[in-house]
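Subject: Structure handover

Hi,

Here is the structure I promised to pass on. Please have a look, and my notes come after it.

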Amino acid sequence: MTSRTLRLRRLRRATSALSGRKRGAQPKVVALGGGMGLSASLAALRRITGDLTAVVTVADDGGSSGRLREELGVLPPGDLRKALAALCGDDDWGQTWAQVIQHRFQSKGDLHEHAVGNLLIVALWEQLGDHVQALDLVGKLLGAHGRVLPMSAVPLELQALVRGHDPQRPDDVDTVRGQATVALTPGEVQSVHVVPHDPPAVPEAVAAVLDADWVVLGPGSWFSSVIPHLLVPDLLDALIETKARKVLSLNLAPQPGETDGFSPQRHLEVLGRHAPKLALDVVLADEAAVPDRESLADAAKRLGAAVELAPVASPDGVPIHDPELLAAAYDRIFRMHGRIGPWR
């Protein structure tokens with residue numbers, strides 16, 4: 001028996017003990033992702049459940065996060081900060097703190113473009129020596145409607161095999177290193193992996209997935225925010241073995257560079273290649289963003305999922321998710337596709 005299997009069994013036993021307690025009146029939801037995609041999902045989910053955990057990618061190497069990661073050797077805090085801001089309430093306290101932690105300094109010195117929240121998170125990591133405890137403390141300060149956890153305890157380097165990364169050699173496949181570079185590649189991403197290849201998952205993140213009623217994956221940058229969660233072995237094992245229902249939320253449009261030209265069904269095919277044992281229950285897509293519904297339904301069926309189409313895009317035409325519409329879609333999915341849980 002491998003050490004990985006033993007770790008997962010211990011976490012499963014601990015989770016079973018937690019599950020034996022009386023459930024609350026709301027579904028336990030875990031949302032996985034990073035960046036603005038995860039923020040959109042969290043802003044919607046906090047409207048329909050108070051039992052919400054975000055599990056966030058830690059492969060960012062650009063901007064303020066990249067500088068702090070390189071200088072101090074810490075996890076990149078940026079996506080964690082964005083998730084905390086998304087969980088802030090709509091009252092004056094929540095919105096004030098959301099703006100404070102998102103504020104970036106503008107100067108001609110070393111503080112230029114550093115986000116206040118990044119510095120606060122890293123300071124608490126150094127003070128407490130515990131990633132989870134520090135993030136819980138920031139969440140308490142903000143009055144966050146949920147918990148934020150990193151997916152791994154070590155910073156990860158994202159690497160991708162990209163065809164045509166160099167426009168002068170359009171047929172060559174190169175290894176492209178770094179999340180920021182992968183996200184902006186002009187070539188076609190074939191696959192991604194992380195370094196180290198067997199990164200440790202944060203135990204609390206694994207336990208949250210095993211104890212969830214629903215797991216939400218996406219939306220977000222497909223290769224740099226969504227798929228990386230499937231590259232952490234213990235986290236992938238938990239996603240495969242959890243009794244939670246799983247919904248995959250598709251993007252509203254392909255991302256220039258990373259998924260340029262991808263159809264909705266191709267997003268599913270790519271995810272399936274990276275995690276062939278992972279089954280889903282529901283694929284959520286905006287009805288206006290699916291030109292070929294039959295092909296999407298076929299691709300979803302291969303992953304064990306049904307397709308739910310709903311208007312979830314911002315009404316002003318900008319390709320971003322509207323939190324109220326997305327919340328309504330998630331709530332309907334939880335009601336219609338979930339096991340009839342004690343929260344209903």
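Predicted model: local features only at pLDDT ≥ 70, side-chain atom pairs only at ≥ 80, totals over all residues.

Residues are numbered from 1 along each chain as its sequence is written, and side-chain values use heavy atoms, with hydrogens and water left out.

Helices (H or I, at least four residues) and strands (E, at least two) are DSSP runs, numbered from the N terminus. Helix 12 (residues 264–274) is largely enclosed by the rest of the structure, because 8 of its 11 residues are buried (under 20% relative accessible area; exposed is over 50%, partly exposed in between; 1.4 Å probe, protein chains only). Among the buried ones are His267, Leu268 and Leu271.

An open sheet of 3 strands runs in the order 5-4-6, with antiparallel pairing (two strands pair if DSSP finds at least two bridges between them). Strand 5 (173–177) and strand 6 are at the edges with a single partner strand each, so one side of each has no neighbour in the sheet. Strand 4 (residues 157–163) is joined to strand 5 by 5 bridges, and glutamine 159 has arginine 177 as its bridge partner there.

There are 4 aromatic pairs (rings of Phe, Tyr and Trp, its six-membered ring, with centres within 6.5 Å; planes under 30 degrees apart are stacked, over 60 edge-to-face, the rest tilted). Tryptophan 93 and tryptophan 97 make a tilted one, at 6.2 Å and 55°. Trp214, Tyr330 and Phe334 form one aromatic cluster.

Best wishes
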